[in-house]
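Try each task yourself before you read the solution.

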Amino acid sequence: MGDIDAYMNTLGEQARAASRIMAAATTAQKNTALLAMADAIDASRERLQSANELDLQAGRDKALDAAMLDRLALTPARIDGMLEGLRQVAALQDPIGEVTDMRYRPSGIQVGRMRVPLGVIGIIYESRPNVTCEAASLCLKSGNAAILRGGSEAIHSNQAIADCIRTGLQAAQLPVHAVQVVETTDRAAVGLLITMPEFVDVIVPRGGKGLIARISADAKVPVIKHLDGNCHVYIDDKADLQKAIKVALNAKTQRYGTCNTLESLLVAEAVAERVLPELAARYEAHGVELRACPRALMLMPGAVPANEQDWGEEYLAPVLSVRLVPDLDAAIAHINQYSSGHTEAIITEDFHRAQRFLREVDSSSVMVNASTRFADGFEYGLGAEIGISTDKLHARGPVGLEGLTSQKYIVIGDGHIRT
């Protein structure tokens, strides 16, 4: 790639210039681009899968683990999901320019707030090539420019998707530099991207704890981040137990390598004997290793003892920690101590306990009688997500269009002066 500093500087300059045009782009232009991207991807299925196979084979040659290869795979169903996500984002209301809270002040001026783009968003991610499409769609619809730096393991897939994105931008007569996919696998590109505040307004890292910790420590640009997803399901003693079994099984086994997968199951002591043996058998049929507290071990043949580290672990694998707790208070205390603040669920038929759980559990998504696997921008109706933030400032939970915008105050007067 030659001089990496010069290359990243050029990307930054082009993104900044494109962001000015994107901030003024009409909703019709942005939607035209999104739909044209979808058409281009649909027409390029064979090319996308051929490029993806190059990445998968390279991953197998490097002995990447099963969870990584699963995230890397661009299956026909995931291509369908990319198309649906693009079209859903196109159908969403454009947040840019929305004016809220307009009110008259005693002085006679009107004061309100207008929603505006953040500017240039740098996104650093690993494995999942569909993130390239999701990130581009959300940045585009929210009026931002984007610099996308995917993992080296997905370089062929990401470049093939990037070509489709450029086709969509050209169809809408928008600058092709509004979405740029970094073409180099040189790791120095990441270090430069996160230290260019003159070109980049915010960084969104998506990946493992190591990546996010490094970016959070070294960035000179604000970061919207999420750490690991140690998600919990608590089965209350007022739960419908068949409902509980169905939800707990889905939350763990529907997919193992995602941040909203169940990692720690808590069960009220009063119903443990009625629910754990059946759940254990169901998990065993799926090949899930169970790591349990001493009392749960007695109800789950084949389980192994859990240690302290298990309560805070994000396995991203067919492994689950299980603990018995006396009541709702103990469940909430355990979750608030060990959770990563991602997603937690309670299974109960008691309205007041459900309300307590919703209020007192300090995570970005809290659910009642639903699988943690629903913690996802697409499932929440955001069209797609840029990531799931476990921060508490600016954006929390799945980050969709609004999470990629800010607000500024606007004032309207008629020759008003302050006295």
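**Exercise 1.** Is Leu74 buried or exposed, and why?

*Solution.* Keep in mind that you're looking at a predicted model.
Step 1: find the spot. Leu74 sits in the loop between α4 (66-72) and α5 (76-91).
Step 2: check the accessibility. Buried means under 20% relative accessible area. Leu74 comes out at 2%, so it counts as buried.
Step 3: look at what surrounds it. Leaving out residues up to four places away in sequence, Leu74 touches Leu48, Gln49, Asn52, Ile79, Met82, Pro129, Asn130 and Ile161.
Step 4: From Leu74 to Val182 you count 108 residues in sequence, and the C-alpha to C-alpha distance is 19 Å.

**Exercise 2.** Walk along helix α11 and work out where it bends.

*Solution.* Step 1: get the extent. Helix α11 covers residues 269-285, which makes 17 residues. Its first and last C-alpha are 24 Å apart, close to the 24 Å expected at 1.5 Å a residue.
Step 1: look for the bend. There's one of about 45° at Val275, with a proline, Pro277, following within four residues.
Step 2: pick out the buried side. Val275 itself is buried, and so are Val271, Ala272, Leu276, Leu279, Ala280 and Tyr283.
Step 3: step off the end. Just after α11, Gly287 has a positive phi of about 75°.

**Exercise 3.** Which phi values do Asp101 and Asn369 take, and where do these residues sit?

*Solution.* Most residues other than glycine have a negative phi.
Step 1: take Asp101. Its phi is positive, about 60°, although it is not a glycine. Asp101 belongs to strand β1 and is partly exposed, with a relative accessible area of 42%.
Step 2: take Asn369. Here phi is near 55°, again positive in a residue other than glycine. Asn369 lies in the loop between β13 (365-368) and β14 (388-389), and at 25% relative accessibility it counts as partly exposed.

Terms used. Residues numbered from 1 in each chain as written. Predicted model: local features only at pLDDT ≥ 70, side-chain atom pairs only at ≥ 80, totals over all residues. Heavy atoms only, no water. Helix = DSSP H or I, 4+ residues; strand = E, 2+ residues; numbered from the N terminus. Expected span 1.5 Å × (residues − 1). Bend = angle between axes of the 7 residues up to and from the residue. Buried < 20%, exposed > 50% of the residue type's maximum accessible area, 1.4 Å probe, protein only. Contact = heavy atoms within 4.5 Å.
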